[in-house]
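Visitor: I am new to this structure. Please pick one loop, look at it closely, and then lead me on to other parts.

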Amino acid sequence: DLTEAEFIRVCKELLKRGTSAFLPTVITSSEESYKHSLPILAKAMRAPELNGRALGIHAEGPFLSDKPGAVGAHNPDWVRAPSIEFFKKMQEWADGQIKMLTIAAENEGAAELTRYAVSQGVAVSLGHHLASYEDLRKCADAGAGLAPGLRALLLRGWLGPPINSPIALTISAGSALCNATVRKIGFSAVPGWSNSAMSFLASSMISGGAAIAIRPLRTSGSR
């Protein structure tokens, strides 16, 4: 079971390896697990050695898709439909320290949960889903600010008018994106950056498995 001392030890190791700041992430879990882990994280994040480094908790779930191809490594048995009431419980256990919430955009109630979470100062990220363009647009209109998994966006072939709210996040580690795609994104996504700067960025992503944020997320134009 997670302990405060073990959590702080892992955080220190992460910082020692060069991470400047981060959001500790809890994935889709049982209610009992949330009750146990969220208070521990919230208390530990106030330790002096984590001040300004652990910026808040990222709740990746439980409001995700339980479908194969979307649920990923999350346990589908613990996935829940979007629920403002359950999210309120999670925030109570976390002492208000949940600062980012990842949800599936296509689930009924996703836009309502997005709107509530954003009103409470929580950044909403759309991921682990099989959403349509219209699903994405509704959550973006409700305030969702992040869309991880650029590979998923490309594979689903979303078309339509630009969505100007979310930042598109791409993770270059493993099978998330091939090297050639990373370079293509880098050279085309940041107007005004020199080729040498973008080449350095793409090379860094490829070698380090880093994430890049691209704003705004556009769903039309060249493929």
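This is a predicted model: local features need pLDDT of at least 70, side-chain atom pairs count only at pLDDT 80 or more; totals for chains, interfaces and linings use all residues.

Guide: Helices (H or I, at least four residues) and strands (E, at least two) are DSSP runs, numbered from the N terminus. Residues are numbered from 1 along each chain as its sequence is written.

Start with the loop between β4 and α5, where His-128 sits. Strand β4 covers 123-126 and helix α5 covers 133-141. His-128 is not a glycine, yet its phi is positive, about 50°. His-128 is partly exposed because its relative accessible area is 24% (buried means under 20%, exposed over 50%, partly exposed in between, with a 1.4 Å probe and protein chains only). His-129 lies in this loop too. At 11% relative accessibility, His-129 is therefore buried. Its side chain reaches the backbone nitrogen of Ala-105 at 3.2 Å.

Now compare another loop. Asp-95 lies between α3 and β3 (98-103). Asp-95 also has a positive phi, about 55°, and is not a glycine. Its relative accessibility is 47%, so Asp-95 counts as partly exposed.

The peptide bond joining Gly-61 and Pro-62 is cis, with omega about 10°.

Step back to β2 itself, residues 57-60. In a regular strand the side chains alternate between the two faces of the sheet. Here both faces are covered: Ile-57 and Ala-59 are buried on one side, His-58 and Glu-60 on the other. Strand β1 (residues 25-27) pairs with β2 in the parallel sense, over 3 bridges (two strands pair if DSSP finds at least two bridges between them). Within this pairing, Val-26 has Ala-59 as its bridge partner.

Next, the helices. The axes of α2 (residues 31-44) and α3 (residues 84-93) come within 8 Å and cross at roughly 35°. Axes are lines fitted to C-alpha atoms, for helices over the stretch in contact, and angles run from 0 to 180 degrees between N-to-C directions. From α2, Glu-31, Tyr-34, Lys-35, Leu-38 and Pro-39 meet Phe-86, Lys-89, Met-90 and Trp-93 of α3 (contact means heavy atoms within 4.5 Å).

Last, two cysteines. Cys-11 has a relative accessible area of 3%, so it is buried. Cys-139 is buried as well, at 1%.

Key: Side-chain values use heavy atoms; hydrogens and water are left out. A polar contact is a pair of N or O atoms within 3.5 Å; within protein, one must be able to donate a hydrogen and the other to accept it, and residues adjacent in sequence count only if both atoms are side-chain atoms.
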